[in-house]
Amino acid sequence: MIESQANLDRMFHALSDRSRRGMIDRLGRGPASVTELAAPLAVALPTVMKHLQVLEESGLVLSEKSGRVRTYRLQQDAFAAVERWVEQRKIQLTTTFDRLDHFLANETETLPE
(Lines give C-alpha, C1' and ligand atoms only; values in the text may rest on other atoms or scores of the structure.)
Protein backbone atom coordinates (compact mmCIF):
# COMPACT_ATOMS: atom_id res chain seq x y z
CA MET A 1 0.00 0.00 0.00
CA ILE A 2 2.78 2.45 0.92
CA GLU A 3 4.65 1.66 -2.30
CA SER A 4 1.50 2.17 -4.38
CA GLN A 5 0.93 5.52 -2.63
CA ALA A 6 4.51 6.53 -3.45
CA ASN A 7 3.96 5.56 -7.10
CA LEU A 8 0.75 7.57 -7.19
CA ASP A 9 2.57 10.55 -5.65
CA ARG A 10 5.23 10.36 -8.38
CA MET A 11 2.57 10.22 -11.09
CA PHE A 12 0.65 13.20 -9.74
CA HIS A 13 3.90 15.13 -9.33
CA ALA A 14 4.83 14.34 -12.94
CA LEU A 15 1.41 15.46 -14.14
CA SER A 16 1.47 18.67 -12.10
CA ASP A 17 3.63 20.47 -14.65
CA ARG A 18 2.12 21.94 -17.82
CA SER A 19 5.18 21.11 -19.96
CA ARG A 20 5.13 17.47 -18.86
CA ARG A 21 1.38 17.25 -19.51
CA GLY A 22 2.07 18.61 -23.00
CA MET A 23 4.66 15.90 -23.54
CA ILE A 24 2.15 13.28 -22.39
CA ASP A 25 -0.41 14.72 -24.85
CA ARG A 26 2.15 14.52 -27.65
CA LEU A 27 3.12 10.95 -26.74
CA GLY A 28 -0.56 10.04 -26.87
CA ARG A 29 -0.23 10.35 -30.65
CA GLY A 30 2.76 7.98 -30.73
CA PRO A 31 6.45 7.71 -29.82
CA ALA A 32 8.61 10.81 -30.16
CA SER A 33 12.26 11.77 -29.92
CA VAL A 34 13.59 14.25 -27.38
CA THR A 35 13.90 16.82 -30.18
CA GLU A 36 10.27 16.36 -31.19
CA LEU A 37 9.12 16.68 -27.59
CA ALA A 38 11.27 19.78 -27.06
CA ALA A 39 10.11 21.58 -30.23
CA PRO A 40 6.95 23.24 -28.85
CA LEU A 41 8.60 24.23 -25.57
CA ALA A 42 10.48 27.45 -24.99
CA VAL A 43 13.06 25.84 -22.72
CA ALA A 44 16.61 24.54 -23.05
CA LEU A 45 17.22 20.90 -23.96
CA PRO A 46 18.65 20.04 -20.49
CA THR A 47 15.36 21.24 -18.98
CA VAL A 48 13.40 19.01 -21.37
CA MET A 49 15.61 16.09 -20.34
CA LYS A 50 14.84 16.75 -16.67
CA HIS A 51 11.11 16.79 -17.43
CA LEU A 52 11.45 13.51 -19.31
CA GLN A 53 13.38 12.00 -16.41
CA VAL A 54 10.52 12.91 -14.04
CA LEU A 55 8.01 11.33 -16.43
CA GLU A 56 10.09 8.19 -16.77
CA GLU A 57 10.65 7.86 -13.00
CA SER A 58 6.91 8.21 -12.48
CA GLY A 59 6.31 5.21 -14.72
CA LEU A 60 4.23 7.18 -17.20
CA VAL A 61 6.72 6.95 -20.07
CA LEU A 62 9.43 4.61 -21.26
CA SER A 63 12.50 5.48 -23.28
CA GLU A 64 14.57 3.56 -25.75
CA LYS A 65 17.88 4.54 -27.29
CA SER A 66 18.70 3.60 -30.85
CA GLY A 67 22.06 4.97 -31.91
CA ARG A 68 22.12 8.62 -30.91
CA VAL A 69 18.35 9.04 -30.77
CA ARG A 70 16.36 8.49 -27.59
CA THR A 71 12.69 7.86 -28.23
CA TYR A 72 9.95 8.12 -25.62
CA ARG A 73 6.55 6.46 -25.56
CA LEU A 74 3.71 6.19 -23.10
CA GLN A 75 3.85 3.26 -20.73
CA GLN A 76 0.97 0.94 -21.53
CA ASP A 77 -1.64 1.09 -18.74
CA ALA A 78 0.35 3.83 -16.96
CA PHE A 79 -2.75 5.76 -16.03
CA ALA A 80 -4.56 2.76 -14.53
CA ALA A 81 -3.47 3.64 -10.97
CA VAL A 82 -4.55 7.26 -11.41
CA GLU A 83 -7.88 6.15 -12.89
CA ARG A 84 -8.48 3.78 -9.95
CA TRP A 85 -7.69 6.53 -7.45
CA VAL A 86 -10.04 9.00 -9.16
CA GLU A 87 -12.78 6.36 -9.44
CA GLN A 88 -12.53 5.59 -5.70
CA ARG A 89 -12.91 9.30 -4.87
CA LYS A 90 -15.85 9.54 -7.27
CA ILE A 91 -17.59 6.59 -5.57
CA GLN A 92 -17.03 8.15 -2.14
CA LEU A 93 -18.44 11.49 -3.27
CA THR A 94 -21.42 9.90 -4.97
CA THR A 95 -22.20 7.91 -1.82
CA THR A 96 -21.96 11.05 0.30
CA PHE A 97 -24.24 13.01 -2.01
CA ASP A 98 -26.71 10.12 -2.17
CA ARG A 99 -26.90 10.09 1.64
CA LEU A 100 -27.39 13.88 1.64
CA ASP A 101 -30.17 13.59 -0.96
CA HIS A 102 -31.86 10.90 1.12
CA PHE A 103 -31.54 13.01 4.28
CA LEU A 104 -32.94 16.12 2.60
CA ALA A 105 -35.81 14.17 1.06
CA ASN A 106 -36.74 12.82 4.49
CA GLU A 107 -36.47 16.25 6.08
CA THR A 108 -38.75 17.76 3.43
CA GLU A 109 -41.34 15.05 4.08
CA THR A 110 -41.35 15.72 7.84
CA LEU A 111 -41.58 19.51 7.67
CA PRO A 112 -44.86 20.97 8.94
CA GLU A 113 -46.82 23.02 6.45
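Student: What should I know before I start?

Tutor: The model is predicted, so local features need pLDDT of at least 70 and side-chain atom pairs count only at pLDDT 80 or more, while totals for chains, interfaces and linings use all residues. Residues are numbered from 1 along each chain as its sequence is written, and side-chain values use heavy atoms, with hydrogens and water left out.

Student: Is serine 58 buried or exposed?

Tutor: Buried means under 20% relative accessible area, exposed over 50%, and partly exposed in between (1.4 Å probe, protein chains only). Serine 58 has 5% relative accessibility, so it counts as buried.

Student: Which residues is serine 58 in contact with, leaving aside its neighbours within four places in sequence?

Tutor: Contact means heavy atoms within 4.5 Å. With those neighbours set aside, serine 58 touches Arg10, Met11 and Ala14. A polar atom of its side chain also lies 2.6 Å from the backbone oxygen of leucine 55.

Student: Which residues touch the most other members of the largest nonpolar core?

Tutor: A nonpolar core is a set of buried Ala, Val, Leu, Ile, Met, Phe, Trp, Tyr and Cys residues joined through side-chain atoms within 4.5 Å. Here the largest one has 19 residues, and Leu37, Leu52, Leu55, Leu60, Val61 and Tyr72 touch the most other members. Leucine 52, for one, is in contact with Met23, Val34, Leu37, Val61 and Tyr72, leaving aside its neighbours within four places in sequence.

Student: And leucine 100, how exposed is it?

Tutor: Leucine 100 has a relative accessible area of 39%, so it is partly exposed.

Key:
Polar contact = N/O pair within 3.5 Å; in protein donor to acceptor, adjacent residues only side chain to side chain.
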